[in-house]
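Please walk me through this model.

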Amino acid sequence: MADYRAMWKDLGMNLEAHDMLLDFLGKYYADTFLTQNERPEGMDYFNFVMSEVHGLRIKELMDQKAVGRKVIGAYCVFVPEELVLAVDATLVGLCAGADYALDQVEQYLPRNTCALIKSAFGFKLGGVCPYLEATDLVVGENTCDGKKKAFESLGGLIDNLYVMDLPQVKSEQGRALLKAEYIRFKEQIEELTGVTITAEKLKESIAVVNAKRGALHRLAKLRGADPAPISGLDALLANQIAFFDDPVRFTASVNTICDELEKRVADKVGVFPQGTPRILISGCPMAVPNWKLPAIIESCGGVIVGEESCIGERGCRNLVSTAAESVDELIDGIVDRYFKVDCAVFTPNRERVEHIEEMFQGSNADGVIHYGLQFCQPYLMEAMDVEKKLEDSDIPVLRVETDYGQEDVGQLKTRVEAFVEQLRP
Ligand code: BJ8
């Protein structure tokens, strides 16, 4: 990797702590991903992206900023990339999947806060996230109670926080709130960038994001084959990278790997033997480098064939209609698309179970592992109902509650191994 230390220093990062983090990440990535068998050649691109995740990609963002392009960061899939691209800005995901500076974090957040929120604070307090430091605007959102209150505290640590209010009920009023908030956000980013969104620009950006989601869907569908042409770890990685890579380049890279996978499917080439127990993961999002559970599943004799998660199907299903002429009508299309996101913060949230069943069938899965982050009330509470309904449909389910720590790896392995065995014919 080139020397980016001057850039990181300019961003105000803690260089020593960051060196240690990159060292850990590099080793963890190599042990988890590079040791897999039969990886598609197309994964070389994603290996490269990961090797430069805090380097070249940040340099690209800094180069864009140098010519006036703004960088907007977000913690939730409800922040519409279509609007961000339409003001000639770049959207990056800020969620993190590793514990960091926990002692400092617990001076701001109670211990019983989910790891995803704690991690966001840890990366800020530890000075190790160049994405956060590169942003011109950080978008928080009122979803779960944890995030809602955490953004109040985060506002004291950064000076560019904007909070989006989001509905929790799929009613007419809920839809009206979402539309009002998207219009408020549009005005905010128009002011930030000095660019006024036109119908033409918005159509173009919708097409870019639709193409990205379309490519991820193509990838998701190919995983329905037996033998699975790509590991769950690699497919998850592509979904994770979708949150910070350049969208056009990313789409092309996913389509390239899909071409290769199509051939594999036709030739019946897989990463695991035909008949390997197939698992659908459902639940909380898994941000980089949260690979713990997927790595356990695939080292215990299972293959992951889908993620019902915001970093997965929930985040990329449904496209925005471009069959409209005015900005307002196009925004209606955006609202229609995002209003279908079945996050557990909604009540009631019946579509989610229906959707898990649909994915279970579509991916030819044999069982579902519900992944809930410790202290995540929305998903942990919803998990009980999900489990019951899936079992009523004779779908085997394993409910897992964990965090970003490694202490429970042994116990998780034992449970996952037993579940995978149960799925064998
Ligand atoms: S749309 S899932 S990205 S809110 S894990 S912080 S819910 S306590 S991440 Fe999410 Fe948007 Fe919903 Fe998706 Fe709270 Fe749970 Fe923590 Fe969570």
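Reader: What should I know before reading the numbers?
Author: Residues are numbered from 1 along each chain as its sequence is written. This is a predicted model, where local features need pLDDT of at least 70, side-chain atom pairs count only at pLDDT 80 or more, totals for chains, interfaces and linings use all residues, and side-chain values use heavy atoms, leaving out hydrogens and water.

Reader: In what order do the four strands form the open sheet?
Author: Strands are DSSP runs of E, at least two residues, numbered from the N terminus. Two of them pair if DSSP finds at least two bridges between them. The pairing here is parallel, and the order is 2-1-3-4.

Reader: Which strands stand at the edges?
Author: An edge strand has a single partner strand, so one side is left without a neighbour in the sheet. That holds for strand 2 (90-93) and strand 4 (161-165).

Reader: Which residue in strand 2 stands opposite Val71?
Author: Strand 1 (residues 71-74) runs parallel to strand 2, joined by four bridges. Opposite Val71 stands Thr90.

Reader: Which residues come nearest the ligand?
Author: The shell divides into 14 nonpolar residues, one polar and two charged. There are 17 residues around the ligand, each with a heavy atom within 4 Å. Nearest come Cys114, Cys144, Cys310, Cys343 and Cys376.

Technical notes: Nonpolar A, V, L, I, M, F, W, Y, C, P; charged D, E, K, R; others polar.
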